[in-house]
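Here are my notes for someone opening this structure for the first time. Have the sequence and the 3D view side by side, and take the points in order.

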Amino acid sequence: MSHPCQRCGACCAAFRVAFHWSEAQPAKADGVPEALASPLRRHELAMRGTETLPVRCVALEGTVGDGTRCTIYAQRPAPCRELGAAWEHGEASPQCDRARAVHGLPPLTPADWRA
Ligand code: SF4
Ligand code: SF4
């Protein structure tokens, strides 16, 4: 069974992804590539594509709800690392549910994590 997030990607096309500038290059050598971040507020950057409507992060590849991939997975900023998929670790995730709803996808259930 593939990971449910690989068939989704909704949270990468639903919210503004804002993070501290120190998470991006050049401040952090293995951080978010400079070209993929745009200035937001004094100490913050946003993933390009998430600061305007319709929201879609420039690092997202594929079709939401079908097959997607983060092209900078190892370099993604904290908000992306912190957004938990619902029930992956036995807990609900309202953010995950909201993102999926934006794209007309039903919330994940514990059954989605069973092989
Ligand atoms: S919305 Fe939830 S299931 Fe979809 S990619 Fe994000 S965390 Fe994964
Ligand atoms: S950096 Fe990757 S995980 Fe974060 S919003 Fe963009 S595509 Fe999604």
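1. Start at Ala18, which you'll find in strand S1; helices (H or I, at least four residues) and strands (E, at least two) are DSSP runs, numbered from the N terminus. Ala18 is partly exposed, with a relative accessible area of 22%. On this scale, buried means under 20% relative accessible area, exposed over 50%, and partly exposed in between (1.4 Å probe, protein chains only).

2. A word on what you're looking at. This is a predicted model, where local features need pLDDT of at least 70, side-chain atom pairs count only at pLDDT 80 or more, and totals for chains, interfaces and linings use all residues. Residues are numbered from 1 along each chain as its sequence is written, chains are lettered from A and ligands numbered from 1 in the order in which they are written, and side-chain values use heavy atoms, with hydrogens and water left out.

3. Next, Thr50. This residue lies in the loop between strand S3 (44-47) and strand S4 (60-63). Is Thr50 buried or exposed? Thr50 counts as buried, because its relative accessibility is 2%. Its side chain has a polar atom 3.0 Å from the backbone nitrogen of Val17, and the backbone oxygen of Met47 lies 2.8 Å from a polar atom of that side chain. For reference, a polar contact is a pair of N or O atoms within 3.5 Å; within protein, one must be able to donate a hydrogen and the other to accept it, and residues adjacent in sequence count only if both atoms are side-chain atoms.

4. Val17 and Met47 turn up again around ligand 2, together with Cys12, Cys57, Ala59, Leu60, Cys70, Ile72 and Cys80. A residue is near a molecule if one of its heavy atoms lies within 4 Å of it. How many residues of each class does the shell have? There are nine nonpolar, no polar and no charged residues. Here Ala, Val, Leu, Ile, Met, Phe, Trp, Tyr, Cys and Pro count as nonpolar, Asp, Glu, Lys and Arg as charged, and the others, Gly among them, as polar.

5. Leu108 counts as buried, because its relative accessibility is 7%. Glu88 sits 20 residues away along the chain, with 9.1 Å between the C-alpha atoms of Glu88 and Leu108.

6. Check the backbone too. Most residues other than glycine have a negative phi, and most peptide bonds are trans. Trp87 has a positive phi of about 70° although it is not a glycine; this residue lies in the loop between helix H1 (78-82) and helix H2 (94-102). Trp87 is partly exposed, because its relative accessibility is 30%.

7. Have a look at two prolines as well. A cis peptide bond joins Gln25 and Pro26, with omega about 5°, and Pro26 belongs to the loop between strand S1 (18-20) and strand S2 (37-39). Another cis bond links Leu53 and Pro54, where omega is about -10°; Pro54 is in the loop between S3 and S4.

8. That S3-S4 loop also holds Val58, which is partly exposed at 44% relative accessibility. Val58 and Ala13 are 45 residues apart in sequence, yet 9.4 Å apart in space, C-alpha to C-alpha.

9. Last, the charges. Side chains of opposite charge can pair when their charged atoms come close. How many salt bridges does the whole structure have? The search finds two, a salt bridge being a side-chain nitrogen of Lys or Arg within 4 Å of a carboxyl oxygen of Asp or Glu. Arg41 and Glu44 meet in one of them, at 2.6 Å from N to O; Arg41 is partly exposed at 47% relative accessibility, and Glu44 is partly exposed at 25%. Glu61 also forms a salt bridge with Arg69, the closest N and O atoms being 3.1 Å apart. Glu61 is partly exposed at 40% relative accessibility, as is Arg69 at 46%.
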